[in-house]
Amino acid sequence: MATVELRFSALPEHVRTARLVAAAVARRAGVDEAVLDEVRLAVGEACSRAVGLHESHGITAPVRVVLVEDEKTFSIEVGDEVPGSGGAAAGGEAEGAGEGDAEGEDEMGLAVISGLVDDVEVSAGENGGRIRMSWPAHPAPVLP
């Protein structure tokens with residue numbers, strides 16, 4: 001099992017880098033070429049959501065992306081540091097004035113991710129939210 005961990009400052013300009021890294025690692029893991037665009041889009045949505053949550057809550061901690069290559073699956077977990085940030089899928093609710101738009105964008109991002117990825121889990125806890133996505137992988141055989 002190979003793991004790549006990426007942490008980046010919660011700035012929109014770093015989302016593109018996360019997408020590129022995810023696509024490269026997915027390709028190496030054996031994810032079908034036809035699915036790589038979905039991987040890029042889903043990671044972009046998840047990272048943009050995490051960046052937006054960090055910005056709207058004044059959190060300076062980095063966004064965390066973990067890419068795991070297993071024998072038959074490739075998974076990506078995008079984590080934020082906003083307590084209870086699992087969104088509607090995890091029962092999270094935005095608080096305070098002016099967050100209605102942010103909540104709507106959050107729900108839209110989760111809907112896009114759910115449309116792109118068959119196997120997705122959204123969770124929230126006191127240490128922040130996590131979106132875990134996975135795809136089938138067929139690693140190339142190791143040649144002698």
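Biologist: Which residues does V78 touch, not counting those up to four places away in sequence?
Modeller: One caveat before that: this is a predicted model. V78 touches A46, C47, A50, V63, R64, V65, G129, R130, I131 and M133.

Biologist: What is the largest nonpolar core like, and which residues have the most contacts inside it?
Modeller: That core has 32 residues. V78 is on the list of those with the most contacts inside it, along with V39, F74, I76 and M133.

Biologist: Which elements give two or more residues to this core?
Modeller: On the strand side, strands 1, 2, 3 and 5 (128–136). On the helix side, helix 1, helix 2 (36–57) and helix 3 (100–116). The largest share comes from helix 2, with 8 residues.

Biologist: Let's zoom out. What's the overall pattern along the sequence?
Modeller: The chain reads β-α-α-β-β-α-β-β. That comes to 3 helices and 5 strands. Buried residues make up 38% of the 144 residues.

Biologist: And the sheet, in what order do its strands sit?
Modeller: The order is 1-2-3-5-4, in an open sheet with antiparallel pairing. Strand 1 (2–8) and strand 4 (119–125) are the edges, and each pairs on one side only. On average, neighbouring strands are turned by 15° against each other, direction ignored.

Biologist: How many bridges join strand 1 and strand 2?
Modeller: 7 bridges, in the antiparallel sense. For V4, the bridge partner in strand 2 is L67.

Biologist: Which strands does helix 1 lie across?
Modeller: Helix 1 (residues 15–29) lies across strand 1, strand 2 and strand 3 (73–79). Against strand 1, helix 1 runs at about 175°.

Biologist: New topic, E69. Where does E69 lie?
Modeller: In strand 2, which spans residues 63–69.

Biologist: Is E69 buried or exposed?
Modeller: Buried, because its relative accessible area is 17%, and the cut-off for buried is under 20%.

Biologist: What polar contact does the side chain of E69 make?
Modeller: One with the side chain of R28, at 3.2 Å. Leaving aside neighbours within four places in sequence, E69 is in contact with M1, A2, R28, A29 and F74. F74 is also listed among the core residues with the most contacts.

Biologist: Last one. How much accessible surface does the chain have?
Modeller: About 7,900 Å². Carbon and sulfur atoms account for 52% of that.

Definitions and conventions. Residues are numbered from 1 along each chain as its sequence is written. This is a predicted model: local features need pLDDT of at least 70, side-chain atom pairs count only at pLDDT 80 or more; totals for chains, interfaces and linings use all residues. Side-chain values use heavy atoms; hydrogens and water are left out. Helices (H or I, at least four residues) and strands (E, at least two) are DSSP runs, numbered from the N terminus. Buried means under 20% relative accessible area, exposed over 50%, partly exposed in between (1.4 Å probe, protein chains only). A polar contact is a pair of N or O atoms within 3.5 Å; within protein, one must be able to donate a hydrogen and the other to accept it, and residues adjacent in sequence count only if both atoms are side-chain atoms. Contact means heavy atoms within 4.5 Å. Two strands pair if DSSP finds at least two bridges between them. Axes are lines fitted to C-alpha atoms, for helices over the stretch in contact, and angles run from 0 to 180 degrees between N-to-C directions. Accessible areas come from the Shrake-Rupley method with a 1.4 Å probe; for residues, only the protein chains shown count as cover. A nonpolar core is a set of buried Ala, Val, Leu, Ile, Met, Phe, Trp, Tyr and Cys residues joined through side-chain atoms within 4.5 Å.
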